[in-house]
Amino acid sequence: MRLLILFIIPIILLSSHLVYGQDNALVLDEGSVYTIDVAQEQHKRKEYTSAIKTLDTLLNSPLVEEDVKVQFQGYTLLGDIYLTLKDTPSAHEAFERALTMAQKSKNDTLLAISHSNLGKTYSIYPEFEERATALFKKSIDAYTKLNLRDMALQSYIDLSRMHLAQDNIAKAYPALMEAKMMSLRDTQNYKPRAQILTLLGKYYIAKDKSTLAEEALLEAIDISFEQELIAEEEEAQHQIARLYEKDKKFEAAYYHSQRQLLLANQLYKIQTQQEIRQASAQFDYRANKRELEITKKEKSLTDILAASSRKANTVLIVASSLLFLGLFIIFTMYKSRKNYSDRLREKNIELTKAKNEAEQLSKLKTQFFSTISHELRTPLYGVIGIATILLEDKKIKTHRDDLKSLKFSADYLLALINDVLLMSKMEAKDIKLEHAPFKLTTLLHSITRSFEFSLEQNNNKLHLHIDPEVPNELQGDSVRLSQILMNLIGNAIKFNENGNIWVNIHQQARTNDGSHSILFVVKDDGIGIPKSSQATIFEEFTQIENKNYNYQGTGLGLPIVKKLLALYNSEVVLESDEGQGATFSFVIKFEKPKSTALPRQVITSNKLLETESVHTLQDAHILVVDDNRINQKITQKLLESKGLLCSLASDGEEAVEMAKKQEYSLILMDIHMPKKDGIQATKEIRTFDKSTPIVALTAVEIQEIRHKIYKAGMDDILVKPYDVSLFLSVLVRNIKNKHIVTA
């Protein structure tokens, strides 16, 4: 009910303002015009007590007893003030008197305004819905005849809002349609249009018409945002968040809930200040009103008893009056403070609830991205695997370029999935840097080789230069470093044709504790970045518009770079001009590893293939456990193409039974499977087989399940989809380790 009053008050003020602005059409004496103007100014300054006194003096003046138009203005303004002070009965009485004056004047405009104002006071109470409807329709008919479209439109809005507030959906629709048609005739009247669209969205939600509700609410949000209509946008954001949550579109619901929460905070501050001023004014108004009544009673009693006991009775009456006034003031102050505290407590509860809902939506979004990435990576494994097998087949000579394009597209899609998941994790603050040793040259050459197809496609050349002073063996998070470099190099290739990309690495400083500050520079001679766009390209989903270049991407690369560097307490520096290429640079501090031995999970496939041979796998028998038939066949073809014997199991339960009956050289174990997952199957196998290497196959982010995998007894991890050389190197390493242990 409080929100309904807050919506009604500005509308009443608007209609009242339209009447008060017609001074030229009213015949007023000079003194009364001045008094009305004074009361209006006091009302605008929220000096309600002073405004009521001014109007009381005016309306009780003999000079205006016969001037019905002045009395109409005075009573209408008085009703507005009482509504602001939430004294609805007094407001209703004032508007009734204004209606009487309008009827005496026989002025259709004044009658229409009176009907509209009375309709608003009746609309607050559900039991007077029919009475309010009749009054609104009277005002609409009158405004329409007088061609006062804006005021008729506002009455339609008030009527629609009342019906929706009372859940009278059927009656709300005709009024909404009329309001919508009228608003379309005046496209510059933004505030009523935003209100109409929000009410339409609310109506369509009630009717389960999600598409129409979404269209109306999104348009309302656009208009409110452009015109800085905070209250209108907050209500529209609230309704569309409710719609998306109802339709289980949790990501969209989370975004609009966040925006609505921000706007609600702004409105809460504004409303809180207004409520404080209104509470203070209401206290003054009531105190003065009571004081005025007491003074009148004092005068009456004093006149009656003056002849017999003027002095004694006067002293007694004054003392009693002062005591009563003091008690009344104390009680009123206590009640006002209590009401204000209760409102603040309710607001805090609402904000806490909204905060908890936003946090829950954030968790749901992170879980959704994790699940969808797993579901997308699994079929991508099939696409990339088949393309790789066909490319390695020497017999296939036709369509090799098409196969390369297919593999490139699948690799690009995989990178996009990884970017979206990484962005989601960074928003949830679910990423921590690892500190593991790695070789810089091996990492960089692996990164540059991954761009061979992209470079060939755009006819670019990549130049890599590493300062000899930069140590090759470092300790840090090589995965996050590679993500930063791959995003910057990938951007340089995408926005460059027939050009050059330079990757330069220099040692900037070295500390006494053995740490090295290393400067990374990625430079290109492509289209460059205009100065006007450089402040926004690091924002999510932002793309530079360039008429001479048709590349379109997600706009996640540079935001990911910025957020990853923030984990290192570093930042990216951009130097560019349009048409002059772009240079991105950043500095990261690394430590020298205490031991030169690299852990098994960071040894690259190229290093392994230098020291190991695929012939180590000859006569090996591999058990592939995967519930996806396509993935089974791809892994089987890959292994058989290398001369290995391969057996297949469709779930963890079948894998346990096969491992009991036969010894295998190595088991490739999928994690997510029906009946029995890979973790449980591995635990059961380890009860009777401690030596056979078990390598996890998973499409889930490795950080999420690494601990569970190793705790279950697995020896290594492969993330799908994987590079063939890395796949073979993991098999070589684990089968060789088995032979060393058994020997």
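Modeller: Let me start with serine 116, which counts as buried because its relative accessibility is 3%, and buried means under 20%. Please keep in mind that this is a predicted model.

Biologist: Where is serine 116 found, and what is serine 116 in contact with?

Modeller: Serine 116 belongs to helix 6. Leaving aside neighbours within four places in sequence, serine 116 is in contact with Phe136, Ser139, Tyr143 and Ser155.

Biologist: What makes leucine 118 count as buried?

Modeller: The cut-off for buried is under 20% relative accessible area. Leucine 118 has 0% relative accessibility, so leucine 118 counts as buried. Leucine 118 also lies in helix 6, which covers residues 108–123.

Biologist: Which residues does leucine 118 touch?

Modeller: Not counting residues up to four places away in sequence, leucine 118 touches His92, Phe95, Glu96, Leu99 and Leu135. Alanine 91 is 27 residues from leucine 118 along the chain, and their C-alpha atoms are separated by 8.9 Å.

Biologist: Now to the helices themselves. At what angle do helix 6 and helix 7 pack?

Modeller: The angle between helix 6 and helix 7 (residues 129–145) is about 155°, and their axes are 8 Å apart. Angles over 145 degrees count as roughly antiparallel, so helix 6 is roughly antiparallel to helix 7. The crossing of helix 6 past helix 7 is left-handed.

Biologist: Which residues of helix 6 and helix 7 meet?

Modeller: From helix 6 they include Ala112, Ser116, Leu118 and Tyr122, and from helix 7 they include Ala132, Leu135, Phe136 and Ser139. The residues of this contact of helix 6 with helix 7 divide into nine nonpolar, five polar and four charged.

Biologist: Why is helix 5 called roughly antiparallel to helix 6?

Modeller: Helix 5 (residues 88–105) and helix 6 pack at about 160°, with their axes 9 Å apart. The cut-off for roughly antiparallel is over 145 degrees, and therefore helix 5 is roughly antiparallel to helix 6. Helix 5 passes helix 6 in a crossing that is left-handed. Among the residues making the contact are His92, Phe95, Glu96 and Leu99 of helix 5, together with Leu111, Ser114, Leu118 and Tyr122 of helix 6. The residues of the contact of helix 5 with helix 6 divide into eight nonpolar, eight polar and one charged.

Biologist: How do helix 10 and helix 11 cross?

Modeller: The axes of helix 10 (residues 190–206) and helix 11 (residues 210–227) come within 8 Å, and they cross at roughly 155°. That makes helix 10 roughly antiparallel to helix 11, since the cut-off is over 145 degrees. Helix 10 passes helix 11 in a left-handed crossing. Residues that meet include Tyr190, Leu197 and Gly201 in helix 10, and Leu212, Ala216 and Ile223 in helix 11. The residues of the contact of helix 10 with helix 11 divide into 12 nonpolar, four polar and two charged.

Biologist: What makes cysteine 646 count as buried?

Modeller: Cysteine 646 has 11% relative accessibility, and the cut-off is under 20%, so cysteine 646 counts as buried. Cysteine 646 is found in strand 9, residues 645–649. Residues up to four places away in sequence aside, cysteine 646 touches His621, Ile622, Val624, Gln636 and Leu639.

Biologist: How many helices and strands does the protein chain have?

Modeller: The protein chain has 24 helices and 12 strands. Of its 743 residues, 48% count as buried. Among contacts with a separation of 6 or more, 68% are between residues 24 or more positions apart.

Biologist: What pLDDT does the protein chain average?

Modeller: The average is 76, and 73% of the residues score at least 70. Where pLDDT is low, the predicted coordinates should not be read in detail.

Key: Residues are numbered from 1 along each chain as its sequence is written. This is a predicted model: local features need pLDDT of at least 70, side-chain atom pairs count only at pLDDT 80 or more; totals for chains, interfaces and linings use all residues. Side-chain values use heavy atoms; hydrogens and water are left out. Axes are lines fitted to C-alpha atoms, for helices over the stretch in contact, and angles run from 0 to 180 degrees between N-to-C directions. Helices (H or I, at least four residues) and strands (E, at least two) are DSSP runs, numbered from the N terminus. Angles under 35 degrees count as roughly parallel, over 145 as roughly antiparallel, 65 to 115 as roughly perpendicular and the rest as oblique. A crossing is left-handed if the near helix is turned anticlockwise from the far one by less than a right angle, and right-handed if clockwise. Contact means heavy atoms within 4.5 Å. Ala, Val, Leu, Ile, Met, Phe, Trp, Tyr, Cys and Pro count as nonpolar, Asp, Glu, Lys and Arg as charged, and the others, Gly among them, as polar. pLDDT is the predictor's confidence in each residue, from 0 to 100. Buried means under 20% relative accessible area, exposed over 50%, partly exposed in between (1.4 Å probe, protein chains only).
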